[in-house]
Amino acid sequence: MANKPKQQDRDRRAKIEAMRKAEQAKERRKSMIFVVIAIVVGLGLVGAVAVPTYLDSRNDPATKALSSFGATAAAASCSPVQNTPGTNNEADRTHVADGTVEKYKTVPPSYGPHWSQPVFPARDFYTVRDRPEMEQLVHNLEHGYTIVWYDDTIKGAQLADLKDIAVAARSDEATGSGKFIVSAWDDAYGAFPAGKHLGISHWGAAASHVQLCGTVSGAAVKKFIEKYPAADSPEPNAA
């Protein structure tokens with residue numbers, strides 16, 4: 001009879017141990033569930049940030065090739081580049097009083113007298129409503145900017161491509177990573193030739209350059225800025 005209480009104690013301890021182990025296993029399962037939930041939530045948060053960022057990067061024109069926007073260079077109906085030599089001289093680089101309206105020798109302007117201050121900091125794209133004064137933009141040309149002017153026929157998909165070109169060109173080394181502006185054209189400074197709706201200008205150290213195109217073309221712009229980079233200008237180190 002003395003062994004019966006001992007056996008009962010062993011059975012009781014065994015049950016308690018079994019219950020303890022069962023409780024530990026239950027707690028481990030709960031912990032694992034919490035860990036899994038935390039991982040899933042964490043991955044969801046990462047995805048919520050990463051996916052839009054990835055999609056934005058795919059849609060960011062600064063990450064795309066400049067030549068991918070608009071028509072090909074061959075289809076852009078661009079005229080040969082008009083070069084005007086000897087424009088890096090005192091007369092053409094004169095500062096005139098702010099408010100003075102100049103009559104420029106090329107359409108669009110590619111050199112000449114200008115106001116005392118350039119547009120700075122300059123945005124990449126301007127419309128008819130907010131475009132800077134022409135005489136200020138010519139000062140930007142002196143500092144190495146390439147400027148693309150567009151007329152009021154550039155609308156819809158072409159205008160969207162031109163806005164993307166403005167961003168992409170600023171990421172190109174040829175523009176000094178930023179010396180590039182697109183602005184609406186002002187007919188008061190002359191009319192584009194028939195069939196031409198965009199003008200590209202650059203003021204080089206030895207000559208100024210103008211090209212007129214019929215259609216928006218990132219490839220044509222790419223060729224132009226590579227041939228006439230920001231470093232080639234009367235004042236390449238100015239802002």
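Predicted model: local features only at pLDDT ≥ 70, side-chain atom pairs only at ≥ 80, totals over all residues.
1. The protein chain has four helices and five strands, and from the N terminus on they follow the order α-β-α-β-α-β-β-β-α. Buried residues account for 38% of the 239 residues. The accessible surface is about 13,300 Å², and carbon and sulfur atoms contribute 58% of that. Among contacts between residues at least 6 apart in sequence, 73% join residues at least 24 apart.

2. Now to the sheet. Its five strands form an open sheet with mixed pairing, in the order S1-S5-S4-S2-S3. At the edges sit strand S1 (82-85) and S3, each of which pairs on one side only. From one strand to the next, the twist averages 15°. Helix H4 lies across S2, S3, S4 and S5, and runs at about 15° to S4.

3. Which residues touch the most other members of the largest nonpolar core? They are Val-148, Tyr-150, Leu-162, Phe-180, Val-182 and Val-221, in a core of 23 residues. Strand S2 (146-150), helix H3 (156-170), strand S3 (180-184), strand S4 (198-203) and helix H4 (218-227) each give two or more residues to this core. H3 supplies the largest share, five residues.

4. Helix H2 (residues 134-142) deserves a visit of its own. It is mostly covered, with eight of its nine residues buried. The buried residues include Met-134, Leu-137, Val-138 and Leu-141, and also Glu-135, His-139 and Glu-142. The buried residues of H2 pack against S2, S3 and S4. Just after H2 comes Gly-144, which takes a positive phi of about 110°.

5. Six salt bridges are present in the structure. In one of them, Glu-235 meets Arg-93, with the closest N and O atoms 2.7 Å apart. Because Glu-235 lies in the segment after H4 and Arg-93 in the loop between S1 and H2, the pair ties together parts that are 142 residues apart in sequence. Glu-235 counts as partly exposed at 26% relative accessibility, and Arg-93 counts as partly exposed at 25%.

6. A further salt bridge joins the side chains of Asp-186 and Arg-131, at 3.9 Å from N to O. Asp-186 is in the loop between S3 and S4 and Arg-131 in the loop between S1 and H2, so this pair ties together parts that are 55 residues apart in sequence.

7. Is Asp-172 buried or exposed? Asp-172 counts as buried, at 12% relative accessibility, because buried means under 20% relative accessible area. Its side chain meets that of Lys-222 in a salt bridge (2.5 Å, N to O). This pair links distant parts of the chain, 50 residues apart: Asp-172 in the loop between H3 and S3, and Lys-222 in helix H4. Lastly, salt bridges that share partners join Arg-93, Glu-142 and Glu-235 into one network.

Note on methods. Residues numbered from 1 in each chain as written. Heavy atoms only, no water. Buried < 20%, exposed > 50% of the residue type's maximum accessible area, 1.4 Å probe, protein only. Contact = heavy atoms within 4.5 Å. Areas by Shrake-Rupley, 256 points an atom, 1.4 Å probe, with all protein chains shown as cover. Core = buried A, V, L, I, M, F, W, Y, C linked by side-chain atoms within 4.5 Å. Pairing = 2+ DSSP bridges. Axes fitted to C-alpha atoms, helices over the stretch in contact; angles between N-to-C directions. Salt bridge = Lys/Arg side-chain N within 4 Å of Asp/Glu carboxyl O.
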